[in-house]
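Biologist: I have a sequence and a model on screen. Take me through what the atoms say, please.

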Amino acid sequence: MAGLPAGNVEREMTNGVTAILVHVADVEAGLAWYARAFPSGERVRLEEFDFAYLKVGTVDLEIVRADAKVASGAAGSVVYWSVEDLDRSLAHFEALGALLYRGPMAVQEGLWMCQVRDPWGNCIGLRGPRSAWQGDKS
C-alpha cells in the first residue's frame, strides 16, 4: 500500500490494547467507582497533566469527562474483560450498582459473556466461564 512507512504495520497495530477511555459526568466519582469495580487496579496520578487513571494489568483505564463530542452511555463499542468466573464477577459489579444490560449468553469453548452498565450508562463487557451454569441454557 503506497504511503505506508517501512516495517510491518499490521504487526505494530496488534500489540494489544493500551488504554480504555470511559466517559462520565463526574470524573472523581467515576474514578472512585471504577477503583471499587477493579480492586486490583492501581491509581496513577500524573501531576504535570493534572490527571489520574487506573492501571489494570497492562491497560490504562482512563476515566474522563463526557462532553459534546463523546457522551457517556451505551452507544457503540464494548470492551470485554476476561474474568475467571462470570457469575462471581457479575455479582461483584451488581453489588456496586451496575445493572445487567445483556446476557449472560454462551459464546464458545465453554465461555459466556454479558454486559453491565455503570452508573453513567457505559457498558462493561465480562467474558469467562460460569460457575453457576447448569445445563445447556443461554
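Modeller: Start with a definition: a polar contact is a pair of N or O atoms within 3.5 Å; within protein, one must be able to donate a hydrogen and the other to accept it, and residues adjacent in sequence count only if both atoms are side-chain atoms. Helices (H or I, at least four residues) and strands (E, at least two) are DSSP runs, numbered from the N terminus. This is a predicted model, where local features need pLDDT of at least 70 and side-chain atom pairs pLDDT 80 or more, while totals for chains, interfaces and linings use all residues. Residues are numbered from 1 along each chain as its sequence is written, and side-chain values use heavy atoms, with hydrogens and water left out.

Biologist: Which residue caps the N-terminal end of H2?

Modeller: Look at the backbone nitrogen of Glu28. A side-chain oxygen lies 3.2 Å from that nitrogen. The oxygen belongs to the cap, Asp26.

Biologist: What pattern does the protein chain follow along the sequence?

Modeller: The chain has three helices and eight strands. Read along the sequence, they give α-β-α-β-β-β-β-α-β-β-β.

Biologist: How much of the protein chain do buried residues make up?

Modeller: Buried means under 20% relative accessible area, exposed over 50%, and partly exposed in between (1.4 Å probe, protein chains only). The protein chain has 138 residues. Of these, the buried share is 33%.

Biologist: Why are the buried residues of H2 on the same side, and what arc do they cover?

Modeller: H2 spans residues 27-37, and its buried residues are Val27, Gly30, Leu31, Trp33, Tyr34 and Ala37. They sit on the same side of H2 because of the arc they cover around the axis, only 170°. That arc is taken from the directions from the helix axis to the C-beta atoms.

Biologist: Which helix is among the elements that cover the buried residues of H2?

Modeller: Contact means heavy atoms within 4.5 Å. The cover includes strands E1 (19-24), E2 (42-46), E3 (51-56), E4 (59-65) and E8 (123-128). It also includes a helix at 86-95, H3.

Biologist: Ser89 is in H3. Which residues does Ser89 touch, leaving out those up to four places away in sequence?

Modeller: Ser89 is buried, at 14% relative accessible area. With residues up to four places away set aside, Ser89 touches Val83 and Leu126.

Biologist: Which residue forms a salt bridge with Glu28?

Modeller: A salt bridge is a side-chain nitrogen of Lys or Arg within 4 Å of a carboxyl oxygen of Asp or Glu. For Glu28, the closest N and O atoms are 3.2 Å apart. Glu28 lies in H2 and its partner in strand E2, so the pair ties together parts 15 residues apart in sequence. The partner is Arg43.

Biologist: Is Arg43 exposed, partly exposed or buried?

Modeller: Glu28 has 48% relative accessibility and is partly exposed. Arg43 has 45%, which makes Arg43 partly exposed.

Biologist: Which residues are linked with Arg45 in a network of salt bridges?

Modeller: Asp50 bridges to Arg45, with the closest N and O atoms 2.4 Å apart. Asp50 is exposed at 59%, while Arg45 is partly exposed at 41%. Linked with Arg45 in the network are Glu47 and Asp50.

Biologist: Asp85 and Arg88 meet in a salt bridge. What is the relative accessible area of Asp85?

Modeller: The bridge is 3.9 Å, N to O. Arg88 is exposed, at 51%. Asp85 is buried, at 10%.

Biologist: How many salt bridges does a search of the whole structure find?

Modeller: Glu28 with Arg43 is a salt bridge, and so is Asp85 with Arg88. The search finds seven.
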